[in-house]
Each structure stands twice: as structure tokens, then as C-alpha cells.
Amino acid sequence: MIITRRSFIAGAAALAAAGHTRLLAEGRKIRVGIVGGGIIGASTAVQLARAGAEVIVFEKEEPAAGATGASVAWINPVVNDAHYMKLRVESIDAWQEDDMLYGMGAIWGGSISWVNGEGNIAKLKAKADLIRETYEEPKLLNGPGITEACPVVFPGDEVSYAFQTRKDGHVDPVFATHRYLHIAERYGAKVIYPCEVTAIKVDKKGKFTSVATTKGDFDLDYLVSASGTATPHVVSLLGQKFELAHKPGLVVHTTPLPFETNKVFEDDGYIEFKQYYDGRVLTRFGSPPDLPQHAGIRDHEMAYPSQDLKEWHARHLISETAKIFPSVKDAEPAKILLGFRPYPLDNRPVIGPVPGVSNVFMVVTHSGITLAPILGRYMAHEIMTGQQADILAPYRPTRYISA
Ligand SMILES: Cc1cc2nc3c(=O)[nH]c(=O)nc-3n(C[C@H](O)[C@H](O)[C@H](O)COP(=O)(O)OP(=O)(O)OC[C@H]3O[C@@H](n4cnc5c(N)ncnc54)[C@H](O)[C@@H]3O)c2cc1C
């Protein structure tokens, strides 16, 4: 059966309202374990618990300890692929609904993206065309037009193509994750941390039955892996191989400054920045500057190799941002983060049953902040009804894992 978009945004709420609490033959609620307390595990927990499942979230460190905590958390539709953009646009609708229902603290100020010189014009134009077709009419700007739209931002003389969108937003991803987990608990979910899932047990018929964790064993009917960059490890507990690309990013949060802007700014893939209503500015480099000191970071997940390098990053990032957004010139870093994106090899979400074990689901994606509300809804719907969502067909794990 096809799940339509309209039936979907209301998601598990519709399921719950219709009394679709799924019971097993023995008359009890289905028990679903979720590995990972990042934003995707948290959103999925809300939808499942709301639809009547007995939910336990296992988080090995603390909520938002992974990519979520280091994210820019820009909620946006922008990709070079109409199908994927449609999914993201659905998720923006779902975000607006969650923000209204649960108070997620999202800021809906839109965004401004630009490129400098000739290099990336075609790429940004293609994105503008897709936004026009799928989402909204982007407002085309030039350099002075950017400053007119936001009088505290000065992108310089090199801007060759720019556009503004009005519907995207951003969130504080740590606050949003805690908020989702709190709501899930209100619907009866349990959130256990620190608690690492160390083994996944499957019976002789190939059916998942229970997990072993650092807090004991738990019998479950379904398991969802929402374990971010640890997904290859979690999938290996089922004897399967799965790979992610390695994509580090550097993020700095400043101490609070006077509030200036509600938009997200993207300068030619080099810097992205935004500000929260409490005045903190978040700014990030897409990847670590090409220095020998970053060889380790570019190769594998790790903490900053030294305090000096960490502080150098913060100063460098703040001074590069100040060239465009001078208000941050004298800002102090409050948090200096090194994040690792859960990045599937084709940069598309991987969501659905793990081949070979139909009652273990996996969900791993970049842009997981944008996608968390819709992926949580689809995951809950598929588990609670057994129906497959057609829109997820291009994103199934079978493209990487065989049974
Ligand atoms: C620098 C940077 C910028 C980004 N910018 C954006 C953006 O602007 N917009 C956007 O949409 N996305 C962005 N992303 C991507 C987005 O942040 C991620 O896609 C999203 O946070 C993934 O969420 P998750 O819940 O899947 O994974 P995570 O947040 O990584 O959560 C996984 C959790 O699983 C836990 N875990 C792992 N193994 C186990 C185990 N065995 N047992 C128990 N728990 C376990 C981990 O501790 C972790 O907390 C960015 C990411 C980075 C790093």
C-alpha cells in the first residue's frame, strides 16, 4: 500500500488517534529498542511511542553526543536531486508541525547562499532551479542585495550568484533532541544512558530477539539502529558489512552577542553561520583547512589532537566569519567542536529493514537534522503497520547490504 504525503505528515499522530496501537498475537504492545539518542533516534522514539509501541532508547554516552551535537542544524531542502528534495520538503512541513506541537525552538528566518567568482555558479543555479520547482521561488540577489536583505552581512565584491529562501529554518540540535526525548518519555518511552548496545541476538530462524547492553539484556520485538557514524559497527553486530564516507566538520559556538539575524548564511561551501535568539553565533568550516596537522582528522574520527590546534581553529574560524559578519569580530569561543557526519557513500539516506533480519531497521543519513521528523514518522509507520512507503524506495539498505 502506498503512503501518501498528506496521510503522512500527521504521521504517527494519525495512527494513534485512529487507535492503531499495534498489539502482538499475545495481546501485548510491541517493544521497540532504538540504538542511539541523537536527533533521529529521538524523533523516531516520539513517533513510535505516540503510536503505542513500548519504546526504549539506548544511548551509549548522552543525548546528542554524536553528530547531532556538532551540527549546524540548518533545516533546508537544498540538494541537486528532485526526489531527495521532495523528501526534505516533506520534512520541513513535519518540522513545522513538531515545532508547533512540541515547542522545538526552531527559528524560521530562511537562508542566503552565494558563490564567489565563476567556479560554482552552475551548481548553485541548479539548486535554485530545483527550489523553484519543488519548494518556493528563490529571490535572486547580488552582493549589495545580500547586505540589503541583512544589513549586518557583507559578503564582499566577488559574489557572482546568490539567492535567498524564506521557508528554511534552523534549530539548536541539542535542545531539540532533549525536547523530542522528553516528549517520547511523556508518551511512555524509556531513555537509558549511558548504555551501550554491545550485542544483537538473532534466533535460528533469523529473527531478532534481544540486545545485550552495558545495563543488561532486553527482549524486544523490533530494533532500530539510529547510531550515526557507529552504524557500520552496529550493523556488524548482525554479521553485515556497511560503510560510510568520512566527513569531518569544524564548528564554533561563540558566547552571546547582541542578536542580529535569524537567517542561515552559506558562503560558497566555505563557511556557514547563523545566530540563536539568545545571541550565540554558530559558524563552521565545511572541512578542516588543508594543513598537515589535520591529517589524522581527515582520516578517522578522533578528538582534537591538541588544545592549541583547537583554540587556533576557533580563532581562525571566528576571524574568517568576521570578514563577512563583522559583529563576531571580538566574540569569544564558547564551544569548539569537531564533528563527524554520518555520510552514506552516495550522500542519500539509508533507511529500512537490514537485509536478512526483517525486524531490525537502520536509519543513517547526512542532513539528519533536516530529515529527523519525516524519517521518524516513516520508520514508526513502517514498523507499526508493516506498510512500505514508496517514497523511501531509492533509500533502502539493499543498495549497500545483501541478505
Ligand atoms: C559539522 C556538521 C554540520 C552539519 N550540518 C547539518 C545541517 O546544517 N543540517 C542538517 O540537516 N544536518 C547537518 N549535519 C548532519 C546531522 O547533524 C546528522 O545527520 C544528524 O545529527 C545525525 O543524527 P543521528 O541521530 O542519526 O546520529 P548521531 O547524532 O550521531 O547519534 C547517534 C547516537 O548513537 C549513539 N550510539 C552509537 N553507537 C551506540 C551503541 N552501540 N549503543 C548505544 N548508543 C550508541 C551515539 O553515542 C550517538 O549519540 C551536520 C553534521 C556535522 C557533523
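1. Ala73 has a backbone N or O atom 3.3 Å from an oxygen of the ligand. The protein covers 97% of the 1000 Å² of accessible area that the ligand has on its own (Shrake-Rupley method, 1.4 Å probe; for residues, only the protein chains shown count as cover).

2. A caution on the source. This is a predicted model: local features need pLDDT of at least 70, side-chain atom pairs count only at pLDDT 80 or more, and totals for chains, interfaces and linings use all residues. Residues are numbered from 1 along each chain as its sequence is written, and side-chain values use heavy atoms, with hydrogens and water left out.

3. Around the ligand are 37 residues (a residue is near if one of its heavy atoms lies within 4 Å). Glu59, Thr68, Thr365, Gly368 and Thr370 come nearest. Helix H3 (39-50), strand E13 (244-254), strand E17 (333-344) and helix H11 each supply at least two residues of this shell. E17 gives the most, with 4 residues. Helices (H or I, at least four residues) and strands (E, at least two) are DSSP runs, numbered from the N terminus.

4. The largest nonpolar core has 66 residues. Such a core is a set of buried Ala, Val, Leu, Ile, Met, Phe, Trp, Tyr and Cys residues joined through side-chain atoms within 4.5 Å. Helix H11 (residues 368-385) supplies its largest share, 10 residues. Domain 1 (5-68 + 173-243 + 346-399) and domain 2 (109-167 + 245-343) both give residues to this core, so it lies between them. The domain bounds come from an automatic or database domain assignment.

5. Leu87 is among the residues with the most contacts inside that core. Beyond neighbours within four places in sequence, its contacts (heavy atoms within 4.5 Å) include Pro349, Leu371, Tyr378 and Tyr395. A second, separate core of 31 residues includes Phe273, Leu309, Leu317 and Leu338.

6. Thr321 sits in helix H10 (residues 307-322). Its relative accessible area is 0%, so Thr321 is buried (under 20%; exposed is over 50%, partly exposed in between; 1.4 Å probe, protein chains only). Leaving aside neighbours within four places in sequence, Thr321 contacts Ile271, Phe273, Thr283 and Val328.

Note on methods: Polar contact = N/O pair within 3.5 Å; in protein donor to acceptor, adjacent residues only side chain to side chain.
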